[in-house]
Structure formats: C-alpha cells, structure tokens
Amino acid sequence: MAAPHVAAVVNPRSGGGRTGRSWRLIRAALERELGPIRPHFTQEGSSPRYLPAAELARKALGEGAQLVVAVGGDGTINEVVNGFFENGAAINPDAHFAVLNTGTGGDFRKTFGLPETLEACAAGIGAGTTRGIDLGRLTFASDAGGEAMRYFDNIASFGISGEVVRAVNRARFSKLFGGSFTFLWATLSTALRYKPMPVRLVSDTGFDEIVNIGTCAVANGKFFGGGMKVAPNAEPDDGMFDVIVMRDTTFGDLFTGAGALREGTHLDNPKVTHFRARTLTATPAGATPSLLDVDGEAPGRLPARFDILPGAITLRC
C-alpha cells in the first residue's frame, strides 16, 4: 500500500534556471516546515500533448502523496493542477495542493496574497490552512491538431494575450529584468502589430455577441500578465467566472491604459465589458486564428469552451 507523504514537483528551469540553482535552499525551507519530502523534477519543457509536471503529479498522487507542492512558475502550477485529475476525475479528492512560486510571473499567488519570500511561503504551507477553490475546464483547438482539454486554476484568455504569452515564453534577455518588465515588453511589442479580430461570445448568463476582441479574459483569479489586475472582482471560490472583454484594443489603449490594468480600474473604460458566467463559448467569426493563453502557457486556439468546476481542488495556503 502506498505510504502517505509530501511530494514536490519541481521545474528546475523556471525563473530562468534560478529554481534549479536554488533547489537545495528551497528543499531545506520546505523540510523545516513539512518534514521529509519526495522531489520529482521535470526533465523537459511542456508541449500541447505532454505536460511533464502533470505526469509527475499523477505519479506522486498514485504513490500516496497527500500534499503536492508545485515549485516553479504559473505554467508549472497549471500543469500540477492538471495532474490531480485523470480521465475527468480527481485521483485523490482528499489530497492537498500548494504552490511555491519561483517563476517569472507569480500571478496565481497574488490573488491569495501568498508571500514572496521562500521562508514565509514555506511557513504558510506548513501552517496547514486550506481553502477549497474552483477550477476552469477548457476545451479548445490544440496547436498539435484536434480537440484538447485542460484545467486552469487562474485565468484563461485569448486575443493579444495569446500572442503575448508566446513572446514571453520565447524571451531570454528581458527575463533578466523580472516578470513585470518581461510581460510589459512583450505586450507593447506585440501590440504594435496586433489587429483585433471578431469572435462570437456566448455565455450561460445571457451574453451573446460578436466582439472585435483585443483580449478576453475568463478569470477564476484576479491577476495575469505579470501582475495586471485584469479581474479585480474575481473570487476563486464563488462558482463563477469573471469575464473581461476588451474591444478594439489598440497600441495606444495598452500604452496609456497599463496603469489602469495594474490597479484594476480599467472596468470603467467604455471599451471594456465585464460579466459573470459559469460557461462561455468563444468561436472565431473571421479567418484569423485567435490564440489562447492558459495560466501563462500557449496550448492552442479558438474555438473554445470554458466551464467552471466549483470547489474542485483544495489549496494549502
């Protein structure tokens, strides 16, 4: 019989390789709070068809892990969340999930006010406080071909954000200046060539329009893009998405509106529409592909369907 234990799924390449270089200190901090842990290291990057951190989380849960700590960035956190499920069902509904963010963005932790420092974050996990949170389930057109399904813990979006996340994931030099700079640089450089595209949005709460999309964010958490407070009213345990639609977005809108996005005051902009939904479908109404950003990863494009899964995972925070 598998013995209960604590596991860590570690992406040593996150944060430009800082996670791997700091692993000895990270492990020591976690073990001071949690006792012995079993680490599992990703050996390669993810692809639309293969999520290495998800596979390692499934392995850990199958071996009896009662707590799985995701050590890496928002993409690693997303993969570990996906690893809690197999064939549409939770592997162990009683197991807990925790995050120690060591990546570029850190958007998921900001919604919960989790500390930035290693020692404080490890102490928070060790304190044992738990919170049941919702997850999103996304069905979409995979870049690899065919239909795919993925869970998301924070925000899934499309439009310019899908282009931006690809630029961020390709970036090397800008990451030396931190997550906020990387996302700002990628957003402004992408916006220079981006053209808003028509997408039909249909929600279970009555929204049904063709919108010329700059960005549409389907939000469980509040932050994306390296600290932009895109969904200031979102709550990750209320059983609803907050959907933020930015219409006809131009470079000038993004350049002048960056402060409002960071403060979460952009909802009053006449080009911004927001509503709540349990389900949203998004279908291109033109020929240009609209790319997805799923918790900082780039798995595919529209058409897509977003469904909320209330209380689907227990976060230890």
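What percentage of the 317 residues of the protein chain count as buried? In this predicted model, 55% of the residues count as buried, where buried means under 20% relative accessible area, exposed means over 50%, and partly exposed lies in between (1.4 Å probe, protein chains only). Residues are numbered from 1 along each chain as its sequence is written, and side-chain values use heavy atoms, with hydrogens and water left out. Because the model is predicted, local features need pLDDT of at least 70 and side-chain atom pairs count only at pLDDT 80 or more, while totals for chains, interfaces and linings use all residues.

The protein chain holds nine helices and 16 strands; helices (H or I, at least four residues) and strands (E, at least two) are DSSP runs, numbered from the N terminus. Among contacts (heavy atoms within 4.5 Å) between residues at least 6 apart in sequence, 73% join residues at least 24 apart.

Two packed helices are described by the angle between their axes and the distance between the axes. For helix 2 (residues 23-34) and helix 6 (residues 118-127), the axes come within 8 Å and cross at roughly 30°. Axes are lines fitted to C-alpha atoms, for helices over the stretch in contact, and angles run from 0 to 180 degrees between N-to-C directions. In helix 2, the residues that meet helix 6 include Leu-25, Ile-26, Ala-29 and Leu-30; their partners in helix 6 include Leu-118, Ala-122 and Ile-125.

Leu-118, Cys-121, Ala-122, Gly-124 and Ile-125 are the buried residues of helix 6. Seen down the helix axis, they fall within an arc of 155°, so they line one face of helix 6; the arc is that of the directions from the helix axis to the C-beta atoms. The cover over these buried residues includes helix 2, strand 3 (65-72), strand 6 (96-101) and strand 16 (300-316). Gly-128, which follows helix 6, has a positive phi near 85°.

Strand 7 (residues 130-142) and strand 8 (residues 147-152) run antiparallel and are joined by six bridges; two strands pair if DSSP finds at least two bridges between them. Phe-140 stands opposite Ala-148 in strand 8. Four residues lie between the strands of this hairpin, in which Gly-145 takes a positive phi near 105°.

Arg-278 lies in the loop between strand 13 (272-277) and strand 14 (279-284). Its relative accessibility is 44%, so Arg-278 counts as partly exposed. The C-alpha atoms of Arg-278 and Phe-241 are separated by 5.9 Å, although the two residues are 37 apart along the chain.
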